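These are my notebook entries on one structure. I record below what I looked up, entry by entry.

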Amino acid sequence: MVLMTIFVSSCGSGDDGITTTPVPPVDLGEQALIDDAAILEFLNTHFYNQEDFVNPPPGFNFDIEFDTIAGENANKTPLIDLVEKKTFAIDSVTLNYYVLKAREGVNKRPHFVDSTLVNFRGTLLNSNLFDSNANPIWFDLTQVVVGFRLILTELKSADGFDLNPDGTSTFFNFGVGAVFFPSALGFQNITQPGIPANSPLIFRVKLFAAIEADHDLDGIPSFIEDLNGNENIGDDDTDGDGFPNFIDTDDDGDFILTINEITINADGTITFTDCDGDGIPDYLDEDICPN
Ligand SMILES: [Ca+2]
Ligand SMILES: [Ca+2]
Ligand SMILES: [Ca+2]
Ligand SMILES: [Ca+2]
């Protein structure tokens, strides 16, 4: 299934040692300018079926559809007037991306590391479809390209569902949106099935459900293990043992499990104890207090 190509981990050059051609290096900043111009061109010349979301016709499946502004559609509102421009920094390069919320949804808004139940369609700016799924599928947002998760964290999940006789589910009031992002937030200069190198991408998504993730089951939700708040949980490694905190059950390396250095309250909230009062919570403080 081409679906798996949206996983970062599937990126990589061929290793057969025979036909591999070197990937030409790309200046992230220069490519970002090229990509942004191409995205803006799309947003200025296309509209979406906004009316269907305002007054859903019977049987509407809440798919976002794009079309060019021309002919009988000459008076449609261009996407550029409906999207929200946002930025995400990689290294020192600030990247623009654009979010369209067709319907926000009503229930849970996922954190950037959570698990999400999703339908999606991935297309190039020329509208070529490179990947999609027919039935809802779970994605761990730590395992997908950044641009894909940037729309899911803007939406909220459904507030319920019906089980259908055929085994499928019908969800209610789920979030629906689209994101337009530069290649730096996608597969960069690595060619993927259906995706040429340096392609800006569009994902249209439906967010049905979200579950707060705790990858190492240490009692601390993974989004809280992003200590420096840069939305990259790979670079927070308090004890420097090579395992970032979100997959480290003993974050400070003092041989006391993190789950035994915090207090989980009856209502699910966490109290971060600090027995020596130095401002560093016990689970991140390799100093051990005498009992
Ligand atoms: Ca660690
Ligand atoms: Ca941890
Ligand atoms: Ca510890
Ligand atoms: Ca302390």
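Entry on Asp239. I looked up the position of Asp239 in this predicted model and found that Asp239 sits in the loop between strand 11 (201–211) and strand 12 (263–264). With neighbours within four places in sequence set aside, I noted contacts of Asp239 with Asp251, Asp252 and Gly253. I also checked Asp239 against Thr142: the two lie 97 residues apart in sequence, and their C-alpha atoms are 21 Å apart in space.

Entry on the domains. I noted the division of the protein chain into domain 1 (2–211) and domain 2 (214–291). The centres of the two domains, taken over C-alpha atoms, are separated by 33 Å. To the contact, domain 1 contributes 4 residues and domain 2 contributes 5 residues. On the side of domain 1 that touches domain 2, I recorded 2 nonpolar, 2 polar and no charged residues.

Entry on the core. Which residues touch the most other members of the largest nonpolar core? Among its 50 residues, they are Val179, Phe180 and Phe203. Elements that give two or more residues to this core include helix 1 (28–45), strand 4 (93–103) and strand 10 (175–181). Strand 11 provides the largest share, 7 residues. Both domain 1 and domain 2 give residues to this core, so it lies between them. For Val179, again leaving aside neighbours within four places in sequence, I listed contacts including Tyr97, Leu150 and Phe203.

Key:
Residues numbered from 1 in each chain as written. Chains lettered and ligands numbered in written order. Predicted model: local features only at pLDDT ≥ 70, side-chain atom pairs only at ≥ 80, totals over all residues. Domains from an automatic or database assignment. Contact = placed C-beta atoms within 7 Å. Nonpolar A, V, L, I, M, F, W, Y, C, P; charged D, E, K, R; others polar. Helix = DSSP H or I, 4+ residues; strand = E, 2+ residues; numbered from the N terminus. Core = buried A, V, L, I, M, F, W, Y, C linked by C-beta atoms within 7 Å. Buried ≥ 20, exposed ≤ 12 C-beta atoms within 10 Å, placed from the backbone.
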